[in-house]
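Subject: Structure handover

Hello,

Here is the structure I promised to pass on. Please open it next to this message and read along.

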Amino acid sequence: MSRPTSLQDEVTAALAAVTDPELDRSLVELGFARAALDGPGHVTVELRLPTFWCAPNFAYLMVQDAHDAVAGVPGVESVSVRLLDHFAGEEISAGVARGASFDDAFDGLGDGEGLDALRRLFHVKAFTARQEQLVRGLLHGGSTPADVAALRLADLDPADPDCREYLEKRRRLGLSTDPAAPLAVLPNGHPIPAERLIPYLDRARVTRISVETNTAFCSGMHATRYGGPEVNR
Amino acid sequence: MAYRHNGEDVFVVDSHVHFWDASEANWRPDARVYADGWIRCFYDYHKNLSPAEWVWPLPKYQKYTEQDMMKDLFEEGYVDRAIFLPTALKDWYVDGFNTVERDAVMAEKHPDRFILNGRWDPRDGEAGLYRLEEEHRRWGFRGVKLYTAEWKGASKGWKLTDDMSRRYLDRCAELGIVNIHVHKGPTIWPLNRDAFDVADVDDVATAYRDAGLRFIVEHCGLPRLEDFCWIGTQEPNVYGGLAVVMPFIHARPRYFAEVLSEMLWWLGEDRLLFASDYALWSPKWLVEKFMAFELPDDLRQQKGVDLTLEGKRKILGLNAAKLYDIQVPVAQAAAG
């Protein structure tokens with residue numbers, strides 16, 4: 001009796017690890033996605049986004065990531081991800097199902113470069129927002145910019161979930177997670193010197209506010225469209 | 001009806017309004033799903049961020065009357081002047097959604113109330129340039145609304161930096177159409193790139209600064225607030241239109257405060273324009289809440305910015321009055 005339940009749990013956990021790239025939040029937590037076992041080894045994922053018009057390239061990333069995450073769960077033999085109530089839902093669902101690239105799925109409308117640059121852009125924003133929050137907290141706690149510039153990853157508290165989340169953003173961006181690596185870095189890995197820290201934080205702060213505001217707005221729109229709770233950071 | 005503060009009238013320019021027809025009779029038979037999807041999306045915006053007593057039934061929202069608009073803006077909404085920003089969408093709506101022609105009927109009937117803006121689309125080529133000139137000759141535009149995500153046949157969008165876009169911007173500068181309102185997303189060409197990228201605004205703002213063009217980025221670049229702030233701080237001819245940002249004042253006041261404090265810090269109170277985006281939202285409650293609003297202490301201290309009565313007056317009307325050469329009654333021009 002326990003086996004189907006545990007496979008469902010594993011599938012849900014795998015799906016929960018997939019984020020809305022723009023909002024940097026779990027699709028499950030946002031209420032955008034849910035998975036159901038509807039046959040032996042077969043999973044259907046339904047994705048419902050905040051609007052009919054959510055950008056098709058962002059949606060493609062989510063559908064593709066949801067597909068790959070669930071397909072990687074041992075015991076899952078086939079996955080179909082359905083993007084519902086969306087202007088390009090059928091094209092996107094079918095494109096991902098046949099393993100097409102975004103440019104192939106939207107023939108002639110891309111520039112052939114795919115979605116890698118877009119994905120990286122969102123990873124940079126998510127990293128920037130997390131780092132701003134972390135460093136701002138250190139400054140509030142009494143550290144000076146010079147103190148912060150001297151910190152290494154080893155100085156972080158590994159038990160703190162915010163720190164773990166931050167390290168995960170670094171890893172995803174391909175930045176060093178070596179304990180000896182400097183803490184405050186640009187997305188290209190260059191350390192931020194003490195005298196550049198405050199101007200950096202001024203810019204990073206708007207990135208964080210932007211991510212948070214978009215989250216509040218998208219979550220509110222989703223709740224208006226489908227009912228259900230809104231998510232706050 | 002004017003908004004009065006301490007016995008003085010406050011001059012209000014609503015810098016972004018629509019007079020749309022999204023009723024079913026106007027849906028193109030081959031585009032019903034998009035025509036319906038468009039207005040339903042607007043309606044969700046409206047429901048999500050409006051106070052409950054301001055939420056309309058869907059049929060009224062699809063097509064409201066001249067009387068509704070005159071009452072909501074001018075009789076009850078404290079607005080002195082309203083600026084039409086057309087959105088054609090002729091691929092989906094038989095007569096278009098909120099066209100220049102439809103707005104013009106209202107503007108010609110109420111010339112002391114409305115300012116009529118034009119629009120163009122570089123994909124219309126030479127014919128579109130000719131039409132812009134013809135329309136300008138008839139209506140004397142001071143501004144245009146550009147919607148880079150508009151579909152046209154197989155195309156899903158365009159950029160301000162396209163060669164043909166520059167031809168149109170050149171022509172705007174020649175004709176004195178100096179206020180370029182830009183709205184991004186959710187699609188753009190190429191479709192795989194960030195649909196809300198505002199980098200092309202940066203390019204043309206620099207290129208056309210000396211020609212006298214001003215670029216009003218609608219919705220302050222949301223969802224790309226950070227890119228917009230960075231452009232705005234470097235380009236003195238870039239302005240932030242507060243449509244969509246304003247209603248956060250009710251539903252998400254903390255986010256409103258955070259976004260506004262960033263706007264004040266990066267752009268300052270001289271380059272922000274109040275807008276209701278009517279009929280997405282209604283100006284009456286937005287003006288009332290904005291006049292009553294104060295920036296929280298922690299944000300004032302962290303950012304070193306403030307929202308004074310003088311700043312509110314500028315944002316509510318005086319900044320837009322400058323851009324559009326609107327005569328402000330002497331008593332209302334006095335700040336404070």
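Below is what turned up, going from the whole chain to the sheet, the domains and the chain contact.

One caution first: this is a predicted model.

Chain A overall

Chain A has 233 residues, and 40% of them are buried. Its C-alpha atoms fill a box of roughly 55 × 45 × 35 Å along the principal axes. The chain holds 8 helices and 5 strands. In sequence order the pattern reads α-β-β-β-β-α-β-α-α-α-α-α-α. I also looked at contacts between residues at least 6 apart in sequence. Of these, 64% join residues that are at least 24 apart.

The sheet

Three strands of chain A form an open sheet in the order β3-β4-β5, and the pairing is mixed. Which strands stand at the edges? They are β3 (33-39) and β5 (78-84) of chain A. Each has a single partner strand, so one side of each is left without a neighbour in the sheet. Neighbouring strands here are turned by 20 degrees against each other on average, ignoring direction.

Look next at the pair β3(A) and β4(A). β4 of chain A covers residues 42-48, and it runs antiparallel to β3(A), with 6 bridges joining the two. As background, strands of a sheet pair through backbone hydrogen bonds, either parallel or antiparallel.

The two domains

Chain A divides into domain 1 (2-113) and domain 2 (117-226). Their C-alpha centres lie 27 Å apart. How many residues of each are in contact with the other? Domain 1 of chain A brings 14, and domain 2 of chain A brings 15. On the domain 1 side, the touching residues are 6 nonpolar, 3 polar and 5 charged.

Where chain A touches chain B

Here 33 residues of chain A are in contact with 29 residues of chain B. Four helices of chain A each supply at least two residues to the chain A side: α2 (56-71), α4 (102-105), α5 (116-140) and α8 (194-226). Which of them gives the most? That is α8(A), with 13 residues. By type, the chain A side splits into 16 nonpolar, 10 polar and 7 charged residues.

That is the handover. Send back any questions once you have looked through the model.

Best wishes

Technical notes
Residues numbered from 1 in each chain as written. Chains lettered and ligands numbered in written order. Predicted model: local features only at pLDDT ≥ 70, side-chain atom pairs only at ≥ 80, totals over all residues. Pairing = 2+ DSSP bridges. Axes fitted to C-alpha atoms, helices over the stretch in contact; angles between N-to-C directions. Contact = placed C-beta atoms within 7 Å. Nonpolar A, V, L, I, M, F, W, Y, C, P; charged D, E, K, R; others polar. Buried ≥ 20, exposed ≤ 12 C-beta atoms within 10 Å, placed from the backbone. Domains from an automatic or database assignment.
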